[in-house]
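Here are my notes on this model, written as numbered points. Please read them with the structure open beside you.

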Amino acid sequence: MPTTASNTESATLIERMGLKPGHATIVGLQWGDEGKGKVVDMLAAEFDAVARYNGGANAGHTVVVGDEKYALHLMPSGILYPGKVNVLGNGVVIDPEQLVKEITGLRERGLTIDPATLFISSRAHVVLPYHKTQDRLQEAAYTMPNALDQVVEGIGTTGRGIGPCYADKALRSTAVRMADLADLESLRHQLHRIVPIKNATLKALCEYTGETHEPINADALLDWIKPLADILVPHLADTAGLLHKVGDEDKRILFEGANATLLDIDHGTYPYVTSSNCSSLGAHTGTGVPGHAVGNVIGIVKAYQTRVGGGPMPTELNDATGDRIREVGREFGTTTGRPRRCGWIDLVALRYTARVSGATAVCVMLLDVLADLPELKLCTGYRVDGKAYDGYPATSEELAKVEPVYETLPGFAGPVDGCKSIAELPESARAYLDFIADYLGVPVVLASVGPKRDQSAVR
Ligand code: GDP
Ligand code: IMO
Ligand code: MG
């Protein structure tokens, strides 16, 4: 069972991190897997509510409590603290089977998850099994050689049906929302309208790709949903209204972002992105709480850089150093198990994402992974055709052309996982953090030195 930190410890963390009063958003500033889950879990101790605002089961947030490891995909990472208000906001896309699996799994591990602690937005959209089929077929179709013999790199989605579900949300006529699960007779009619359209779409994709799939049967789909709806419907709520009330009572909300700013559908490295606004900007559309109400945006940054799936990554290391980082950092996906591409920290990208997400503080995670490397490189500029590149490229084609310009700093010796404050870290590790803070113009308020809650060097 997870333990609750004492009030003194909780107050200390918020004070030591130098947060302003009020709400805070936790947002990834790279391509995901920065360690957001760990920071949300740590801060949840002193916040009253945790609200997840975007994404779906494509996310994988690992939280380690003592010797227990939790891999959360949909559940807000605050769920491990008893008595908090946990919200899945309207911006989240919910795979009901996956959510029920997580609820059941957490209950089996002794956690109380009931309608008084988990609130699901009636406005959130539902990921159905055919979305996953469509995700797979769409990816296969996209990478098919075409009449001009062009072969493109796939987006490398997680296959969790995220893109097709958000696409249906935008299309409206083929969408199913959580509220629809509360009236199964009406849902039956809705599915009989949607399923023929889906079958036509999937059939066309199969004809094009040579893949196969079993046609969907609307009644069988309804039978599949029923037991899941029984479990989830009691949790449905007007979550925007609920969060407004929490704010009115001067309680604090932690907004939890999934995925990351470079994967944001509008501001990320399109088209190699996910299908939601995962930057901190999505916290507001994804929950119904306006921007001016949130004074803290905590950008989560890995001490290096990783990426899963397709798309350019200027600082990628296809060498022994990259392999070492992957091994020491255990850089294999929580959701798909895929090896993550590893490289040096990219400060050009971070300056851009810190601005887009409006980061007021930064946590540098997995610093321990870099221990004992002889030197550390930080990308401080891009060059194209020998000329300095200004800003951050809007297209992946342009990003693929840039050459990173590096600053090299001395490495630091490990182990560092016993350091409880930044002041206790070796001098070269502090110099590395100072360089990041100076470049971004945002303070580094926490350096994470291991997966556990207490393996954290706070300011
Ligand atoms: P998220 O998606 O941003 O929540 O991050 P993930 O959970 O996908 O990936 C981060 C991984 O690093 C997880 O396995 C964490 O347990 C682990 N982790 C988090 N912080 C640290 C750290 O400071 N050091 C080490 N070695 N591992 C960490
Ligand atoms: P967390 O919350 C890392 C990546 C996928 C793929 C692209 C699109 O754990 O940081 P999708 O299935 O969303 O359509 O895939 O986005 N991706 C992530 N990469 N961490 C994540 O989440 C991700 N969520 C999506 O690998 O390249
Ligand atoms: Mg992850």
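A quick definition before the points: a polar contact here is a pair of N or O atoms within 3.5 Å; within protein, one atom must be able to donate a hydrogen and the other to accept it, and residues adjacent in sequence count only if both atoms are side-chain atoms. This is a predicted model, where local features need pLDDT of at least 70 and side-chain atom pairs count only at pLDDT 80 or more, while totals for chains, interfaces and linings use all residues. Residues are numbered from 1 along each chain as its sequence is written, chains are lettered from A and ligands numbered from 1 in the order in which they are written, and side-chain values use heavy atoms, with hydrogens and water left out.

1. Ligand 1 and its polar contacts. An oxygen atom of ligand 1 sits 2.8 Å from a polar backbone atom of Thr62. Lys36 also comes in through its backbone, with an N or O atom 2.8 Å from a ligand 1 oxygen. Arg340 uses its side chain instead, placing a polar atom 3.4 Å from an oxygen of ligand 1. On its own, ligand 1 has 580 Å² of accessible area, and the protein covers 91% of that (Shrake-Rupley method with a 1.4 Å probe; for residues, only the protein chains shown count as cover).

2. The shell around ligand 1. There are 19 residues around this ligand, and the closest are Lys36, Gly60, Thr62, Asp368 and Ser448; a residue is near a molecule or strand if one of its heavy atoms lies within 4 Å of it. By class, the shell splits into five nonpolar, eight polar and six charged residues. Helices (H or I, at least four residues) and strands (E, at least two) are DSSP runs, numbered from the N terminus.

3. The magnesium ion. Which protein donors does the magnesium ion (ligand 3) have? They are Asp33 (OD) and Gly60 (O), at 2.0 to 2.1 Å. The two sit 27 residues apart and link distant parts of the chain, with Asp33 in the loop between β1 (24-28) and α2 (36-44) and Gly60 in the loop between β2 (49-52) and β3 (61-65). Donors are N, O and S atoms within 2.8 Å of the metal (3.2 Å for Na, K and Ca), and water is not among the atoms, so the site may look incomplete. Asp33 counts as partly exposed at 22% relative accessibility, whereas Gly60 is buried at 12% (buried is under 20% relative accessible area, exposed over 50%, partly exposed in between; 1.4 Å probe, protein chains only).

4. Ligand 2. Of the 20 residues around ligand 2, Lys36, His61, Thr158, Asn259 and Thr274 come nearest. A polar backbone atom of Asn259 is 2.7 Å from a ligand 2 oxygen. Side chains take part too: a polar atom of Asn58 lies 2.9 Å from an oxygen of the ligand, and one of Arg338 lies 3.0 Å from an oxygen of the ligand. The protein buries 97% of the 550 Å² that ligand 2 exposes when taken alone. The shell has seven nonpolar, 10 polar and three charged residues. Domain 1 (22-122 + 238-458) and domain 2 (125-235) each give at least three residues to it; the bounds come from an automatic or database domain assignment.

5. The loop between β10 and α9. Asn259 is in this loop and has a positive phi of about 60° although it is not a glycine. Is Asn259 buried or exposed? It is buried, with a relative accessible area of 8%. Thr274 belongs to the loop as well and is buried at 11%. The Thr274 side chain makes a polar contact of 3.2 Å with the side chain of Asn58. Pro271 is also found here, between β10 (253-256) and α9 (282-285), and the Tyr270 to Pro271 peptide bond is cis, with omega near 0°.

6. Other backbone spots to look at. The peptide bond from Gly414 to Pro415 is cis, with omega near -5°; Pro415 lies in the loop between β18 (403-410) and α13 (427-440). Asp385 has a positive phi of about 50° although it is not a glycine. Asp385 is in the loop between β16 (375-384) and β17 (387-389) and counts as exposed at 72% relative accessibility.

How values were computed:
Nonpolar A, V, L, I, M, F, W, Y, C, P; charged D, E, K, R; others polar.
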